[in-house]
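Take a walk through this protein chain with a few simple questions in mind.

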Amino acid sequence: MARKRASETIFLFIFLQVATFCNSVPLSTNSRWIIDQETGKRVKLTCANWVSHLQPMVAEGLEKKPLSYIAKKVTETGFNCVRFTWPTFMFTRPGYYNLTVSESLDKYNLTAAKSGIAENNPGFLSMKVAEVHMAVVNELGKNKVMVVLDNHVSLPGWCCGENDGNGFFGDANFDPAEWLQGLTAVARAYKGNSAVVGMSMRNELRGPRQNTDDWYKYMQQGANAIHKENPDFLVIVSGLYYDTNLGFLKENPLPLQKNLDNKLVYEAHWYTFGTGADKWDAQTNNLCAAVAKIARDNYIFLTAGENPFPLFLSEFGIDQRGTNEAENRYISCLLAVVAEIDIDWALWTFQGSYILREGTLDLEEVYGVMDLNWDGPRNPQYLDRLQILRQKNQEVESKNPNYYIMFHPQSGKCAHIYKYGDIILANCETATRWEQHQDGGPIKLAGGSARCLTVAADGGAASVSGDCSSKWKIVSSSGLHLAAQDGKGKYLCLEMNASDNSTIVTKKCLCVGDDLRDFPTCSDNPQGQWFKLVPANVD
């Protein structure tokens, strides 16, 4: 009872702090889309993760830069949303939520971080950790950044391991009743805060205890608890096996009343952990096809069928130094798939460093958008590749005719008609529009044009002309090579010209034989020849 009274006191204070932020319309869902509840127009979440669930329970980076600076960097690097993490105990146990930031840092002898916060965010040291969590959310809201609150762990610390005690209901640090108490407390604390659009119930369920019976039981209880306390929030439901499997919903949908009044969203994670560079090097096309099929079977299927739902790809990412070849090839494959279905997403991750992670001080996060010192983005070119994912390609019940954008995932650019009908890769926002392509047929410009994509000689520049005799096939198991026969009957594939990384040429297909089948193994890198026709219907 004492725990409950203490938590109610702190959350009343926080609630009063955010009363001035009540100025936006909640989000809802319509079929597979997240929408503005008032206008019905689509709202696309293009998020970055930002961590506040580790042992100090302080948002990473506050020891490096002022909060206002970091919040501005979120928008400057192209994100409209943050998936902001929190640990259950920070909102349920007095020994955690009663800590000031100063006390929390002292607990782990984090003197350098304390000095950094004193310099960059001095007012935070005397505030309770939950109050600083709220302050971060408020600052994001001032910058028009939406926030999804993610219950990442129970016991503050790094995630995730099979036997870390945080993995599944009934684990040492994962009491279902306390978890429900935490969800309710956070839903109440952020009620009326217009920056917060939803809550993700739990990150990466896993471990030897995981089973579907308990998943159905507790996910229903958690979703209902959030919705009862705060009916404005989207309720985001994660799957099993580190959030990679929701396939069991095909046979047994989650029985939530009217999809929580159109607030239900599912989430998934997609990494290439466990698949080595040697496999990606030797079987790039086949492996892309295999991992894309797993994604479609395990969670992408939710966006289709008679009763589709929004899908939030709440974690994906790579080592942004570019040194991991497996991840470099995986990310091109992922971008092609995600661009086609045009789903909401959150990149792992925004922070460039951690105050304390797994015993290491000031650990660099090489997956992070920001560099080690939080001065700016560590890899702007990588962020540029996300452009087509940021833009909204499909609208809810659009009256505009469908068209297609030709996307090159390795560069993150799209096909444009250049002078003399040549085709170059450039910004996807103003990409050339194409009609729907029938495999084995011509690729025509949209809008009733009589011009088509024309194959050139080996090494020559592809072009658009009135000659529509080029019949384009989707070849390779990846489904990402577009090939047509030249005047000699030889199949050539579209390719980004390596000499300028811009012109689209036609060359001998890589890792594909004359019979258009994949080689069992291939030492070439076929990514330069990967193109995806992405459906769109926006003006």
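A residue counts as buried when its relative accessible area is under 20%, as exposed when that area is over 50%, and as partly exposed in between. Keep those limits in mind, and note that this is a predicted model.

Start with Cys-159. Its relative accessible area is 10%, so Cys-159 is buried. Now look at Cys-160. Its relative accessibility is 24%, so Cys-160 is partly exposed. These two cysteines form a disulfide with each other. Their sulfur atoms lie 1.5 Å apart.

How many disulfides does the structure hold? The count is 7.

Move on to another of them. Cys-414 is joined to Cys-428 by a disulfide, with 2.1 Å from S to S. The torsion about the S-S bond is about 90 degrees, so the disulfide of Cys-414 and Cys-428 is right-handed. This pair links distant parts of the chain, 14 residues apart. Cys-414 sits in strand 14 (residues 413–417). Cys-428 sits in the loop between strand 15 (423–426) and strand 16 (433–434). Are these cysteines buried or exposed? Cys-414 has a relative accessible area of 0%, so Cys-414 is buried. For Cys-428 the value is 1%, so Cys-428 is buried too.

Next comes the pair Cys-493 and Cys-509. A disulfide joins them, with 2.1 Å from S to S. Their link is right-handed, with 95 degrees about the S-S bond. Again, distant parts of the chain are linked, here 16 residues apart. Cys-493 belongs to strand 22 (residues 491–496). Cys-509 lies in the loop between strand 23 (504–508) and strand 24 (532–536). Both Cys-493 and Cys-509 are buried.

Now turn to the helices. Find helix 8 (residues 176–189) and helix 9 (residues 212–229). Their axes come within 8 Å and cross at roughly 25 degrees. Angles under 35 degrees count as roughly parallel. Helix 8 and helix 9 are therefore roughly parallel to each other. Their crossing is right-handed. Helix 8 contributes several residues to the contact, including Trp-179, Leu-180 and Leu-183. On helix 9, Tyr-218, Ala-225 and Ile-226 are among the residues that take part. The residues of this contact of helix 8 with helix 9 divide into 8 nonpolar, 3 polar and 2 charged.

Compare a second pair. Helix 12 (residues 284–298) packs with helix 13 (residues 325–341) at an angle of about 45 degrees, and their axes are 10 Å apart. That angle makes helix 12 oblique to helix 13. Helix 12 passes helix 13 in a right-handed crossing. In the contact, helix 12 supplies Thr-284, Cys-288, Val-291, Ala-292 and Arg-296. Helix 13 supplies Arg-329, Cys-333, Val-337 and Glu-340. The residues of this contact of helix 12 with helix 13 divide into 5 nonpolar, 1 polar and 3 charged.

End at a serine. Ser-200 is found in strand 6 (residues 196–200). Its relative accessible area is 0%, so Ser-200 is buried. What does Ser-200 touch, not counting residues up to four places away in sequence? Its contacts are Arg-83, Val-148, Leu-149, Asp-150, Asn-151, Ile-236 and Glu-267.

Methods. Residues numbered from 1 in each chain as written. Predicted model: local features only at pLDDT ≥ 70, side-chain atom pairs only at ≥ 80, totals over all residues. Heavy atoms only, no water. Disulfide = S-S within 2.5 Å. Buried < 20%, exposed > 50% of the residue type's maximum accessible area, 1.4 Å probe, protein only. Helix = DSSP H or I, 4+ residues; strand = E, 2+ residues; numbered from the N terminus. Axes fitted to C-alpha atoms, helices over the stretch in contact; angles between N-to-C directions. Parallel < 35°, antiparallel > 145°, perpendicular 65-115°, else oblique. Left-handed = near helix turned anticlockwise from the far one by under 90°. Contact = heavy atoms within 4.5 Å. Nonpolar A, V, L, I, M, F, W, Y, C, P; charged D, E, K, R; others polar.
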